[in-house]
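Open the model in a viewer and keep the selection tool at hand. The stops below go through cavities and then cores.

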Amino acid sequence: MFSPSSYTIPYMNAHHFRKIRRGIVLTALVFIFSSLCADATVIITDAETGEPLPKASIFDSKGCFIAITEDNGAVPTTVEAAAYPLNIRYVGYVPIEVSAPDAGKVAMLKNTYELPEIVVDNAERHLLHVLAYERSYEYEYTIADTLLRFTERMVDFVFPLSKKAKFKGWQNARKLAERQYIHNVKYRKEVKADTLIYKENTSARGHNYFYALADKYEVPEDLVNGASSKVVVDGKYSPKATWSKVGKNYFLATDDLADKKDHVWAPAILKLLGLSLEFTRMEFLYKFSADATGSITPDMMDEVAYYLNFIGKGKFIKKAMRQSEPVPVQCYGELYVVDRAYLTDEEAKALQKNPPSVAVDTFQAPPHIPAPPAEFIRLKAEIMASNPDAH
C-alpha cells in the first residue's frame, strides 16, 4: 500500500535537472519544427477528385522553371521561400499561383475544351495528320551572360494508325513556322546593356527536333479495369513511365533517361562534330482524352509537356560561347494539338513534299490554352514594342 512517508523523491542535483530541461526543450523544438514543416508542405491536387498531380511544372517568381512536383503532388522541399509566389502548370489544367510555402493543399481546375471532330469519309485513310502549336521557355547560363528565350512554333506530325498504311509518316516534329523572343543579360565589361532580339523562320526545315511522339501507347490493364489509379513501369535504373487516370483523362509521364547509366546520355555522333551534349533530363508528360480499352493512339492526344536539361561541352561550344566552362541549358515546353485529319498514303506523301502554309506573322496560340508565365508575356511585349518587325 502506498504511503507518502515511504515514498522518497529521487535525489536530483543541478546537473540532472539541466539535462532533463534540455531534453524537454529539444523535444518541444522538434515538435514545433515538425508541425511547421507539415504545415509548410504544398501539395498540388485535382479539384474534382482530390488526386495528387505528380510532375506538375513549377516556375518561380522570376519566370524560371525550377522543379516538378513529386509523386504525391508535393512541391519539393528544395524550393526555397524566396522563389514564391510560384506558378504551377500541368497539362489539361488551368495554371495556378501558390503564394507561400504554407499554402497546404492547392487544387487545380481542369481546362475543359473539345478539339475539332475528325470526320472519316474513307476506309483507306490509315494515317493521321496532327497540326500543333508549341512553345518553349529556355535558359542558358555562361560566365559572360544569361540567355532567356521564349519560342512559339507551329509543327506537324503524320502517324500510321494501321498496319495497312504503307507510308510511315514522321513522329519527329516538323517545324512549319517559328518566332523567337530573346533576352541576353550581359555580364561582360565591354557590353553595358542587355540585348533584346527577335527572330523568325518561315520555312519548313525537316524533322530537326530531338523529341518525337509514339504512334501507340499501351495502357496498363490495372488502369483500364479500375484496379489502380496509378501504375509505375520500371526502367533499368529508375521508373521509366508512370500512368495515371484522373476522371476520364489518362496521363503518361515518361523518363527517357531511365535506362541510361548515371541518368546521363551523351550522343556519340555529336562528339565527332566537336559538339558534346550531356543530357541529364528528358521527361515528357502526355494528356489523353479517351476511354481507352488497352491502346491509345495519337488521335486521342490533347497536350504534351516536356522538360530537357543538358550541358554543352566540346570545341564548338567553347568557340561559340568564348569560354572553356560547360554551358548548362534548361528547357521546358508545351505542345497543344490544334487540328487533326485522317489521310491516305498518297495524301500523306503529298503533304510531306508540300508542307502546310503557315504565316509566321499571323499564327496564334489556340484560344483555349493557358497563357505563358508572366515573365515571358512581359518579354514578348517588350520586344514587340521595341522591334517594328516583331509579330
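**Cavities and cores**

There are 3 cavities of 30 Å³ or more. A cavity here is a set of points on a 1 Å grid over the protein atoms alone where a 1.4 Å probe fits but cannot get out, and lining residues have an atom within 4 Å of a point. Points are joined across faces, edges and corners, and the volume is the space filled by probe spheres set on them.

This is a predicted model, in which local features need pLDDT of at least 70 and side-chain atom pairs count only at pLDDT 80 or more, while totals for chains, interfaces and linings use all residues. Residues are numbered from 1 along each chain as its sequence is written, and side-chain values use heavy atoms, with hydrogens and water left out.

Select Tyr90, Val91, Glu303, Glu334 and Tyr336: of the 13 residues lining the largest cavity, these lie nearest its centre. The volume of the largest cavity is about 70 Å³.

Next, select Pro54, Lys55, Asp71, Lys230, Thr242 and Ala253, which line the second largest cavity. Its volume is about 40 Å³.

Return to Tyr90 and show its contacts (heavy atoms within 4.5 Å). Leaving out residues up to four places away in sequence, Tyr90 touches Leu53, Pro54, Lys55, Ala56, Met108, Phe251 and Leu285.

Finally, select Ile44, Leu86, Ile88, Tyr90, Val98 and Met108, which touch the most other members of the largest nonpolar core, a set of 39 residues. Such a core joins buried Ala, Val, Leu, Ile, Met, Phe, Trp, Tyr and Cys residues through side-chain atoms within 4.5 Å; buried means under 20% relative accessible area (1.4 Å probe, protein chains only).

How values were computed:
Buried means under 20% relative accessible area, exposed over 50%, partly exposed in between (1.4 Å probe, protein chains only). On a 1 Å grid over the protein atoms alone, a cavity is a set of points where a 1.4 Å probe fits but cannot get out, and a pocket is an open set with protein on both sides within 12 Å along at least five of seven lines; lining residues have an atom within 4 Å of a point.
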